[in-house]
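Here is a short note to keep beside you as you look at this protein for the first time. The points below can be read in order, with the structure open next to them.

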Amino acid sequence: MTNEPIYSGTVAQHFDRLTDWLMAALMAFMVIVVFSSVVLRYAFGTGWTGAEELSRLAFVWLVFVGVASSMRRGELMSFSMLRDRFPRLFRRVVDSVSWLLVAAASCLAAWGGWNQMQFGWTINSPVVGYPLGLAM
């Protein structure tokens, strides 16, 4: 299901290009790290202990970037079967209330993420040692 993009223009094109490259780089990083760790483990009897932590961190950021990109493009999944049966004015009201609820939930998530980031900034990951606030 695809809706109209939220905004368009040259800024949107640059944002799309940036997010596409960032998602490709994160995915390539994950593949290289996990594949090399598996090869090291099975071919040489050793492994890279930080591979799991780094690939998990890359996956978290891949999801963050992917959601931002798909939201801008209007490609997030939406269930509009019930909404489409209403008159146009009521659909606009439902859409407006929906966007307000999404904005409120986003503010709560950002606030909670900020608090988690402040808490996690003083704690390091067990293997690699990066601050856990990076994942928040």
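This is a predicted model: local features need pLDDT of at least 70, side-chain atom pairs count only at pLDDT 80 or more; totals for chains, interfaces and linings use all residues.

1. Now for the overall plan. The protein has three helices and zero strands, and along the sequence the pattern reads α-α-α. If you are colouring by secondary structure, expect helices and no strands.

2. What are the dimensions of the C-alpha trace along its principal axes? They come to about 65 × 30 × 30 Å. The radius of gyration tells a related story: the protein has 20 Å, whereas a compact globule of 136 residues would have a value near 14 Å.

3. Helix α3 runs over residues 88–120 and holds 33 residues. From its first C-alpha to its last it reaches 46 Å, close to the 48 Å expected at 1.5 Å a residue. Which residues of α3 are buried? They are G113, M117 and G120.

4. How much of the whole protein is buried? Buried residues make up 21% of the 136 residues. The accessible surface comes to about 10,200 Å², and 71% of that surface belongs to carbon and sulfur atoms.

5. Contacts across the sequence are also worth a mention. Taking the contacts with a separation of 6 or more, 67% are between residues 24 or more positions apart.

6. Turning to charged pairs, a search of the whole structure finds three salt bridges. How do the two partners compare in accessibility, exposed or partly exposed? E52 is exposed, because its relative accessible area is 54%, while R56 is partly exposed at 45%.

7. Another salt bridge joins R83 and D95, with the closest N and O atoms 3.2 Å apart. This pair links distant parts of the chain: R83 is in the loop between α2 and α3, D95 is in helix α3, and twelve residues separate them. D95 has a relative accessible area of 29%, so it is partly exposed. R83 is partly exposed as well, at 25% relative accessibility.

8. R83 also forms a salt bridge with D84, and there the closest N and O atoms are 3.5 Å apart. D84 counts as partly exposed because its relative accessible area is 41%. Which residues make up the network that comes from shared partners? R83, D84 and D95 are joined into one network by their salt bridges. With R83 selected on screen, you can follow its salt bridge to D84 and its salt bridge to D95.

Methods. Residues are numbered from 1 along each chain as its sequence is written. Side-chain values use heavy atoms; hydrogens and water are left out. Helices (H or I, at least four residues) and strands (E, at least two) are DSSP runs, numbered from the N terminus. The expected span of a helix is 1.5 Å times one less than its number of residues. Buried means under 20% relative accessible area, exposed over 50%, partly exposed in between (1.4 Å probe, protein chains only). A salt bridge is a side-chain nitrogen of Lys or Arg within 4 Å of a carboxyl oxygen of Asp or Glu. The radius of gyration is taken over C-alpha atoms; the globule rule is 2.2 Å times the number of residues to the power 0.38. Contact means heavy atoms within 4.5 Å. Accessible areas come from the Shrake-Rupley method with a 1.4 Å probe; for residues, only the protein chains shown count as cover.
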